[in-house]
Amino acid sequence: MTGSADKVESFSRAEVGWLVLVTVLAGVLRFIGLPDDGISHFDEGVYVLWSAGTGYPFREFFAPPLFPLLVRGASAVVGSSDLTAQAVSAFFGTAMVPLVWWVARRWYGRMASAATAPFVAFSSIHIAFSRMALTDVCFSFLFVLAMWLVSETIDCAFHVKLAQTGDRSRQPDLRGCLWAVAAGFAAGAAMNTKYNGLLVIVFAAGSLGLFAVIPALRHAVQWRRGVGCFTLVAATAGILYLPWFWHVHSSYGYGRLLAHHRGYVAGWANWPANLATLFLEQRVFSDFTGWVVPALGILAAIALSGR
């Protein structure tokens with residue numbers, strides 16, 4: 001997770017042009033003909049009614065409130081409609097392309113980012129969900145954003161790269177705190193979009209666990225600073241989620257919400273069948289893009305490698 005470089009590689013015109021082209025194409029695929037789709041999923045109707053201020057019963061059991069609030073904010077600007085709710089999702093779906101490009105560039109370099117951006121832009125499943133008034137695409141954007149910010153927090157707090165030179169004091173504590181607060185805000189936004197947003201904190205804790213059990217990493221970090229930054233991430237996210245937690249708990253009891261969502265878990269015995277279904281759906285969704293896009297991304301990475 002700590003693959004970000006201390007210095008960002010310079011941007012070439014070809015690289016920026018490639019990103020702009022892929023992002024524009026992603027937007028076209030997500031917005032074109034959007035009024036013709038309408039809403040068809042039951043949950044879409046719940047979120048649209050919620051954003052309009054209509055008190056749908058037990059709406060708290062569907063999702064936290066951030067996505068409907070974003071739709072309500074957009075509706076205040078362009079007017080309330082099903083299309084507005086779809087457009088909010090399409091916006092986050094389009095924005096996912098430069099976000100993934102940037103994360104890949106920070107972690108693995110310009111060749112990886114050039115190859116990765118088209119995978120998101122032309123993903124049939126991502127395009128389909130970007131055209132629906134559901135929380136999934138908005139949550140995916142916030143989740144990736146939060147995980148990147150957590151990685152920057154870890155990189156700043158633990159000085160993994162600097163440990164090789166023995167210099168652990170080059171970056172001030174303030175920088176790690178700022179990254180941690182930003183990561184906490186993104187994690188809190190993810191938690192307020194879908195109930196599995198807590199996975200951001202779980203994965204961050206898992207990273208701490210890896211540092212603890214791998215000897216080479218254990219001796220290369222500053223634990224006081226690292227644990228402090230993780231605590232700041234978790235505390236910031238928890239504070240942002242607390243109002244919603246208290247609303248649900250005072251209205252229904254949070255245990256009732258957890259019991260409801262446990263009903264979606266089929267158990268380990270059903271995983272093989274569910275995995276087979278997932279591969280089948282992927283085959284249906286992956287039309288020509290499933291073959292063309294990987295080759296396109298690799299060719300772009302090769303072409304930009306020498307620039």
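How many aromatic pairs does the count come to, if rings of Phe, Tyr and Trp (its six-membered ring) pair when their centres lie within 6.5 Å?

Mentor: Happy to! By that rule the count comes to 18 aromatic pairs. One of them joins F58 and Y252, with 5.6 Å from centre to centre and 35 degrees between the planes, which makes the pair tilted (planes under 30 degrees apart count as stacked, over 60 as edge-to-face and the rest as tilted). F58 sits in the loop between α3 (42–51) and α4 (66–78), while Y252 sits in the loop between α13 (223–251) and α14 (254–262), so this pair ties together parts that are 194 residues apart in sequence. The helix names follow DSSP: helices are runs of H or I with at least four residues, strands are runs of E with at least two, and both are numbered from the N terminus.

A second tilted pair is formed by F245 and Y254, at 4.6 Å centre to centre and 45 degrees between the planes. F245 is partly exposed at 29% relative accessibility, whereas Y254 is buried, with a relative accessible area of 14%. Rings can also gather in groups: ring pairs link W101, W102, W148 and W179 into a cluster.

A word on what you are looking at. This is a predicted model, in which local features need pLDDT of at least 70 and side-chain atom pairs count only at pLDDT 80 or more, while totals for chains, interfaces and linings use all residues. Residues are numbered from 1 along each chain as its sequence is written, and side-chain values use heavy atoms, with hydrogens and water left out. The pLDDT, the predictor's confidence in each residue from 0 to 100, averages 85 over the protein, and 87% of the residues score at least 70. Over residues 160–172, however, the pLDDT is below 50.

Back to F58, which has one more feature. Most residues other than glycine have a negative phi. F58 is not a glycine, yet its phi is positive, at about 60 degrees.

Now to the surroundings of these rings. W244 lies in helix α13 and counts as buried, because its relative accessibility is 9%. Leaving aside neighbours within four places in sequence, W244 is in contact with W50, E60, A63, P64, P65, N192 and Y195, where contact means heavy atoms within 4.5 Å. W244 and M191 are 53 residues apart in sequence, and their C-alpha atoms are 9.7 Å apart in space.

A63 turns up again in the contacts of T135, together with Y47, F67, T193 and K194, again leaving aside neighbours within four places in sequence. T135 is found in the loop between α7 (124–130) and α8 (136–158), and its 2% relative accessibility is why it counts as buried.

S51 counts as buried because its relative accessibility is 5%, and beyond four places in sequence its contacts are P68, V71 and R72.

Finally, here is the wider setting. The secondary structure comes to 16 helices and 0 strands, and buried residues make up 43% of the 307 residues. Among contacts with a separation of 6 or more, 79% come from residues 24 or more positions apart. After α1 comes G33, whose phi is positive, near 70 degrees.

Technical notes: Buried means under 20% relative accessible area, exposed over 50%, partly exposed in between (1.4 Å probe, protein chains only).
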